[in-house]
Amino acid sequence: MNLWKIIQASSLLYKVTAAPAGTLPGNTLQPQLLLTPSSSGPLGTPSLTLPQQLLLAPSRYAKYQLLANEDFMFDFGNSSQNSELTSGGYLVDATSETFPALIGQGVGMALGFLGPCGFNTPHAHFGGTEFFLPFNGTLQTFLMLEPPATDSGATPRVVNLTLNALQGTIFPQGSTHMQFNPSCETAAFVAAFGTDDFGRTQQFKSLFSLPDAALEDALGRSLDENEIDMVRNNIPGPVIVGIDECMRSCGMSRPSRPSWRHT
């Protein structure tokens, strides 16, 4: 077998060229692609995005050469950065998608603001473990730990903590957890991850994406298909205002509960 022919036939070859004038000194990695016209840019040049180029770069040095100085900064105060803005606050995630400089670095971070009675609803990060730290105020956290493998149907252990400013906790990879701000002031927190792609799965959204018939049996037939559909359509966004006791103490009100149960 001719190894050189195999290399030539591969989809991606690199060559090293001198850096253009005005750029950082040294060599710049330029991908040389065997592309079809539909996947090429103007004049046949490759149309790779910056994240794609970073993923294909063969070394850290090559990655750094692809990044301008401003690419090393992420603005958590810019709410357009993949933020999830809802009535209870907002979340901003620095991941490989929103901050390409993280690609290959093995870290990621989220910054969150919970308004009065703000509730970061049950979710999980299947990409990595979260190190959670409030900046100010007091936040209540809830963590559901997985049961032993020999008794997978057991009730999960719940770790319920009250964290003051600068008191941290962890949420293990894949665990269901949530946070709540029991005060009438806005609280901020930071969440650090050992991955640039930690992800987020809303647990109730995930559960109620199953077919109605399967859910009806999985819930012990406590809801019929009409009720399941009603619950599915009323699942809120990631961060909401909640907990009646807190809302009353802060002078807040909410719409009455939907009257969809059978009488």
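Predicted model: local features only at pLDDT ≥ 70, side-chain atom pairs only at ≥ 80, totals over all residues.
How many bridges join strand S4 (residues 89-94) to S5?

**View 1. Strand S5 and its two partners.** Six bridges join S4 to S5, and these two strands run antiparallel. Within this pairing, alanine 94 stands opposite methionine 109 of S5. S5 is also joined to strand S12 (residues 187-193), here by seven bridges, and again the strands run antiparallel. S5 itself spans residues 108-114 and is mostly covered, with five of its seven residues buried. In a regular strand, side chains alternate between the two faces of the sheet.

**View 2. The largest nonpolar core.** This core has 13 residues. Leu54, Phe74, Ala94 and Phe99 are those with the most contacts inside it. S4 gives the core three residues, the largest share. Phenylalanine 99 is in contact with Asp71, Phe72, Met73, Phe74 and Ala94, leaving aside its neighbours within four places in sequence. A second, separate core has eleven residues, including Leu114, Phe132, Leu139 and Val239. In soluble globular proteins, nonpolar side chains tend to be buried together.

**View 3. The largest cavity and its lining.** Across the whole structure, a search finds two cavities of 30 Å³ or more. The largest cavity holds about 110 Å³ of space. Its lining is made up of 15 residues, and Ala110, Asn120, His125, Phe189 and Arg200 lie nearest the centre. At least two lining residues come from each of S4, S5, strand S6 (118-124) and S12. By type, the lining of the largest cavity divides into seven nonpolar, five polar and three charged residues. Rolling a probe the size of a water molecule over the atoms shows where empty space is left.

View 4. Cysteine 246 is placed in helix H7, which covers residues 244-249. Is this cysteine 246 buried or exposed? Cysteine 246 counts as buried because its relative accessible area is 6%, under the 20% cut-off. Not counting residues up to four places away in sequence, cysteine 246 touches Cys117, Phe180, Asn181, Pro182 and Ser183. One of these, serine 183, is 63 residues apart from cysteine 246 along the chain, while 7.1 Å separates their C-alpha atoms.

Definitions and conventions: Residues numbered from 1 in each chain as written. Heavy atoms only, no water. Buried < 20%, exposed > 50% of the residue type's maximum accessible area, 1.4 Å probe, protein only. Helix = DSSP H or I, 4+ residues; strand = E, 2+ residues; numbered from the N terminus. Pairing = 2+ DSSP bridges. Contact = heavy atoms within 4.5 Å. Core = buried A, V, L, I, M, F, W, Y, C linked by side-chain atoms within 4.5 Å. 1 Å grid on protein atoms, 1.4 Å probe; cavity = no way out; pocket = protein on both sides within 12 Å on 5 of 7 lines; lining within 4 Å. Points joined across faces, edges and corners; volume = space filled by probe spheres on them. Nonpolar A, V, L, I, M, F, W, Y, C, P; charged D, E, K, R; others polar.
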